[in-house]
Amino acid sequence: MTPTPRILGWVALAAVILLALVPQFADRYYIQLLTRIMSSAIFAMSLGLLVSGAGLVSLGHAMFFGLGAYLLVLLSPAGEGVSIWWAVPATMGIVAAAALVTGALAVRTSGIYFIMLTLAFGEMLFYLFHDWKVLGGSDGIYVDFRPTVTAFGTTLLSLDDRPTLFYVVLGLMVATYLAIGMLLNAPFGRTILGIRANEQRMEALGYNVYAYKLVVFAMAGAIAGLAGFLYATQYRSVNPELFSWRESGLVLMMVILGGLRARLGPAIGAFALVLVEEALQALTDNWLIAIGVFVILAVLLLPNGLADLASHRPWRDRKAPQHG
Amino acid sequence: MTRHSSDKTLPMSRRAVLGGAAAAAAASTFPAPAVRAQGAKIKIGLMLPYSGTYAALGNNIADGMMLAINEKGGKLGGREVRYVKLDDESEPAKGAQNANKLVVGEKVDILVGTVHSGVAAAMVQVAREEQATLLIPNAGVGDATGKLCAPNIFRTSFSNWQPGFPMGKVAAEMGHKNAVTITWKYAAGEESTQGFKDGFATGGGKVTNDLRVPFPDVEFQALLTEIASIKPDCVYTFFAGGGAVKFVKDYDAAGLKKSIPLYGPGFLTDGTLQAQGASADGLLTTLHYVEDLPNPINQKFKADFQKATSRPVDVYAVQGYDTGQVLVHGLTAVKGDAAAKKDFYAAMKGYKVPSPRGEWTFSKSQNPVQDFYLRKVVGGENRYQKIAVKALAEPTDACKMA
Amino acid sequence: MDPLFFLIQVLNGVQYGLLLFLIASGLTLVFGILQVINLAHGSFYMIGAYLAFWLTARSGSLWIAILGGLPLALLLGFAVERLMIRFLYKRDHLTQVLLTYGLILILNEAQRLIFGSDVHGVPVPEIFAGSIQLTDTLSYPVYRLAVSGICLILVILMMVVIQTTRLGMYIRAGSVNREMVQLLGVDVQRLCTLVFAAGAGLAAFAGMVAAPLSSVYPGIGEHILIICFVIVVIGGIGSIKGAFIAALLVGLADTFGKIAVPEFASMSVYAVMAAILLWRPQGLFGRAG
């Protein structure tokens, strides 16, 4: 991906500052809505890492989001909230392991096969959580107590308080963005970008392309798991639908709409998609058609996604993904 | 990453204006946060499926409820009513967000919904967290009046276990000794067949096989062949909508209808008879409502509903109607003050609902205690046969409320 | 298990597989020759089903419905290709996924607006309305046998066209190297339109023929789409032979999965897919790389 155009960076900073002010004067509902959007943004950024960073288009990424969400519920003891200090690393670790297992099979393929394989794995996990009563069954499961943030016996933060949760998710969203940036700047990240640009060349240069792709897949999965964990923390109830290919399709839409060029793209896409959906839903009963048309138009007219609006070059037709 | 100085960018001001304009445009279409005032209209949030497979159910519930309220003058406890409709599309993944939109965003006084159990499960969570008044006019998810029961959660329909139990009892009374159950692999199916098992056991019957179809698959051929090879005394099935249509037709086409009786809860033959055609003739089902119940309240309701909506009644319309009746009674008792929760809930809980389905009351877990009827499909309609079980309450051990 | 019942279950699996093949064949050709991922392929199946319902209701006969509906479906496939799909040839998979996903949303909503959300039944044609008694408890619907027969005929027809005719030669060549075929003077654009329309037509036909068996209601397109994806992956992209074998495999796996492992029946198809891909990542007859 190209470095975030400078202007976009300023906009992002402004947006973060604006967001930080939201809990001070916005209605409770919007605090909660934006919290949801921000965890979706983390989810979208994880897929962005996979798609724009490594060139791996996954239609099953929701399985890691769902896994992270379910893990919060499964790891929480019956009468109290689980401690966030070990729940988050445990969740991300388990999800990363799951990603390694599915990735080991999926990453061997590429292109259309990879897309369909990830779709199929997503469906497999959906049915696992839907059919197996042990994991909650079709109506899903829930947790009574949110995770606790305590140290030395005192509560540092109460995640039951909406503004607090808002800031925690905001902080994690910014941290994810920065972490992905650092990753892509590091040698590991440069290798990934190189693989995406020209896989054969990297193979010829001696890199173990398979291993690199697998690691990126696992990382993207782990971050998606974190996003799922935050979702479950917010709503306390989870459902097998979180694994469905519809959710995978939605987050892919966010990534593409936001633009494949800028690292900020997926986050922009997440905000844009959910806000547009909210706006359209209020306006018309047939808003699904409107979204469908919107998506098609966006694809046909803005080949590089919404982030293109910032770089003043919306009409350039791309044949292959850019590399930076 | 090195910065490319060749990047052309828009001047900052224009960018900011574009962004701001877009955000403002989007934000201006949001529902404005509601302002409460004494004597103001009472807001009821109707979270139902207005699109998708269950839209017909959602519409009937909403119209039934409004009929009940309009019959009493269109006011609740003296206050005018404002309905806020939200299409939940029967999508569980959005259930919590949608419920929040009504309860926290629109600040509705009362939340009503929904049809799909997965969505209802999410609504129950939100209602519990926000202490919001929730009336469930259909979703039979057991936990809502079981593990997750709460004083602010009422159900005016049924729990999935309830319609199955009477069918089991009737099957045992008819002399069947063993049975096979078949349904989708999802919570509603499991709870319903459990009800059948319990009822069947009261007469000494035993379920030998539980066959399951992946949801929402409708390829039944393999399992129908399996049933033929097992040769049970009878088969109990729970399917709804498209699945019910196909299963009944396939069961007949496989010749099983002639030799192995098929039983199910009323959903098997509700709204599906036209599509099922002759395959459904003679089917016995149990439900807490039949269209031709002889009581006068039902006769009047059928006529009124038909007149108001140009559609015939069904069990969903009745459930909606009763939801409306319960609200009218409760709010009248507190003179429209929906915030006087203790008295409001007590009034609703103690209500003997004069329903088209026959009088019913709330159990201690706030689920209906009601009569279940045996119905038979005759000439393309469900006809009342007899009362299968009187005043059936769901098992309430899981609910820890007083 | 009783050998007779075992055979009947095999018949069940094969019958289901043949129907799946009709739909999956279009998908694999579109992937192979057009190199386009068309998520909306399942929607053609749905359109076929709804056309069957609508036209049968108005004309009283499924035959007339099929005769009238098939040209409509072909026309729709033609239109979709010209208006949208052809812009996707040079684009990356991402864009294709997004665009066809948007298409699904629009088609689903259009269906809902036109036909509503109720479940609809389609009557079986009179000639095939009976059942054949197989055992003392089980009969086999004649219509299912008829559907299997029709599918088999179409399969053979397809094989003949692809293996022996010039058009079939272009299709086979096009799925290996489209540019080369174009350089050799073949009007690849028209070939692509033809293949896409044919694929859509096949899927719609399958929807029409299966309508009396599965009933017609919203959402039938998506479920079948994913199963077809699995079939195409197992069989290998672009290979009709592969799609055929894979379809039968999936039909049998689905059938026996339900009986043998009811707890995890839904996953049986995906488990088969995973197993085959472990052994051959490009599918049974796909080209490597």
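How many salt bridges does a search of the whole structure find over all chains?

Reply: The model is predicted. Searching the whole structure gives 30 salt bridges over all chains. Side chains of opposite charge can pair when their charged atoms come close. One such pair lies within chain B: B:Glu173 forms a salt bridge with B:Lys386, and their closest N and O atoms are 3.7 Å apart. B:Glu173 belongs to helix 5 (residues 161–173) of chain B and B:Lys386 to strand 14 (residues 381–392) of chain B, so this pair ties together parts that are 213 residues apart in sequence.

Now the interface. Chain B gives 35 residues to the contact, and chain C gives 35 residues. About 2,800 Å² is buried between chain B and chain C, with 56% of that area coming from carbon and sulfur atoms. On the side of chain B, three residues supply more than any other three: B:Glu219, B:Gln221 and B:Thr225, which give 18% of the area that chain B buries against chain C.

Across this interface, the rule finds 1 salt bridge. The partners are C:Arg144 and B:Asp250, with their closest N and O atoms 3.5 Å apart. The pair counts because the limit for a salt bridge is 4 Å. The rule also finds 6 residue pairs in polar contact between chain B and chain C.

Which elements of chain B take part? Those that give two or more residues to the side touching chain C are helix 2 (55–71), helix 7 (221–230), helix 8 (242–253) and helix 9 (256–259) of chain B. Helix 7 of chain B has the largest share, 8 residues. By class, the residues on this side of chain B are 16 nonpolar, 10 polar and 9 charged.

A last point concerns empty space. Rolling a probe the size of a water molecule over the atoms shows where empty space is left. Over the whole structure, 7 cavities of 30 Å³ or more are found. The largest cavity has a volume of about 350 Å³. It is lined by 19 residues, and the closest to its centre are A:Arg36, A:Leu250, A:Val274, A:Glu277 and B:Lys94. Helix 11 of chain A gives the largest share of this lining, 5 residues. The lining of the largest cavity has 9 nonpolar, 4 polar and 6 charged residues.

Conventions
Residues are numbered from 1 along each chain as its sequence is written. Chains are lettered from A and ligands numbered from 1 in the order in which they are written. This is a predicted model: local features need pLDDT of at least 70, side-chain atom pairs count only at pLDDT 80 or more; totals for chains, interfaces and linings use all residues. Side-chain values use heavy atoms; hydrogens and water are left out. Contact means heavy atoms within 4.5 Å. Buried area is the accessible area (1.4 Å probe) that two parts lose on being put together, summed over both. A salt bridge is a side-chain nitrogen of Lys or Arg within 4 Å of a carboxyl oxygen of Asp or Glu. A polar contact is a pair of N or O atoms within 3.5 Å; within protein, one must be able to donate a hydrogen and the other to accept it, and residues adjacent in sequence count only if both atoms are side-chain atoms. Helices (H or I, at least four residues) and strands (E, at least two) are DSSP runs, numbered from the N terminus. Ala, Val, Leu, Ile, Met, Phe, Trp, Tyr, Cys and Pro count as nonpolar, Asp, Glu, Lys and Arg as charged, and the others, Gly among them, as polar. On a 1 Å grid over the protein atoms alone, a cavity is a set of points where a 1.4 Å probe fits but cannot get out, and a pocket is an open set with protein on both sides within 12 Å along at least five of seven lines; lining residues have an atom within 4 Å of a point. Grid points are joined across faces, edges and corners, and a volume is the space filled by probe spheres set on the points.
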